Amino acid sequence: MALGKSRLIFLLMLAFCGVCFGAVYRVGDSNGWTSRGLVDYNEWASTKDFHVNDTLIFTYNNQFHNVTQVTNQDFESCNPTSPVAVYTSGSDTITLERPGNFYFMCGAPGPCQAGQRVEITATLPTPDDSFASPSPTPYGSSPSASHSAVL
């Protein structure tokens, strides 16, 4: 009896494991975070199911770009002057720590107006998410990924 109960607990823990560890998404896939018009970021985001604990990786040329997290109002107006957070490494990792909307844009003059901005909606994962949805392509595994500077 104790062995059966232990197996049940193990299986439940295994099922919830997918809920604990989030998926990793490279924003813009192989194009990265760029203002060259190669990616419609909101279209890109609309094809994903983001959950709490998922990770976003923004890769870009930090001589020309950054990642600025802003409020909805500042996102709509491309206003980077009151950021929630600013990332400047060129390879920023951001974990979605709560459910809700997250707004990111390039805070340099011009790129946001050219489309370098994305709204991400994160939801709470359910136990079924670990079984029902396919895993995203792991970061860096795309055969078409470019290692050149992203502008």
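**View 1. The disulfide between Cys78 and Cys112 in the predicted model.** The sulfur atoms of Cys78 and Cys112 lie 2.1 Å apart; a disulfide is taken as a pair of cysteine sulfur atoms within 2.5 Å. By this rule the count comes to one disulfide. The torsion about the S-S bond is -75°, which makes the link of Cys78 and Cys112 left-handed. The pair connects distant parts of the chain, 34 residues apart: Cys78 is in the loop between α3 (72-77) and β5 (85-87), and Cys112 in the loop between β7 (100-105) and β8 (117-123). Helices (H or I, at least four residues) and strands (E, at least two) are DSSP runs, numbered from the N terminus. Cys78 and Cys112 are both buried, that is, under 20% relative accessible area, with exposed meaning over 50% and partly exposed in between (1.4 Å probe, protein chains only).

Residues are numbered from 1 along each chain as its sequence is written. This is a predicted model, in which local features need pLDDT of at least 70 and side-chain atom pairs count only at pLDDT 80 or more, while totals for chains, interfaces and linings use all residues; side-chain values use heavy atoms, without hydrogens and water.

View 2. Cys106 is buried, with a relative accessible area of 1%.

**View 3. The open sheet β1-β3-β6.** Three strands form this sheet in the order β1-β3-β6, with mixed pairing; two strands pair if DSSP finds at least two bridges between them. The edge strands, β1 (24-26) and β6 (91-95), each pair on one side only. From one strand to the next the twist averages 20°. Strand β3 (residues 55-59) runs antiparallel to β6, and five bridges join them. Ile57 stands opposite Thr93 of β6.

**View 4. The largest nonpolar core and Phe58.** A nonpolar core is a set of buried Ala, Val, Leu, Ile, Met, Phe, Trp, Tyr and Cys residues joined through side-chain atoms within 4.5 Å. The largest has 21 residues, and Trp33, Leu56, Phe58, Phe104 and Ile120 have the most contacts inside it. Elements giving two or more residues to this core are α2 (41-46), β3, β7 and β8. Neighbours within four places in sequence aside, Phe58 is in contact (heavy atoms within 4.5 Å) with residues including Val27, Trp33, Val67, Ile94, Phe104 and Val118. A second, separate core has six residues, among them Val70, Cys78, Tyr103 and Met105.

Note on methods:
Axes are lines fitted to C-alpha atoms, for helices over the stretch in contact, and angles run from 0 to 180 degrees between N-to-C directions.
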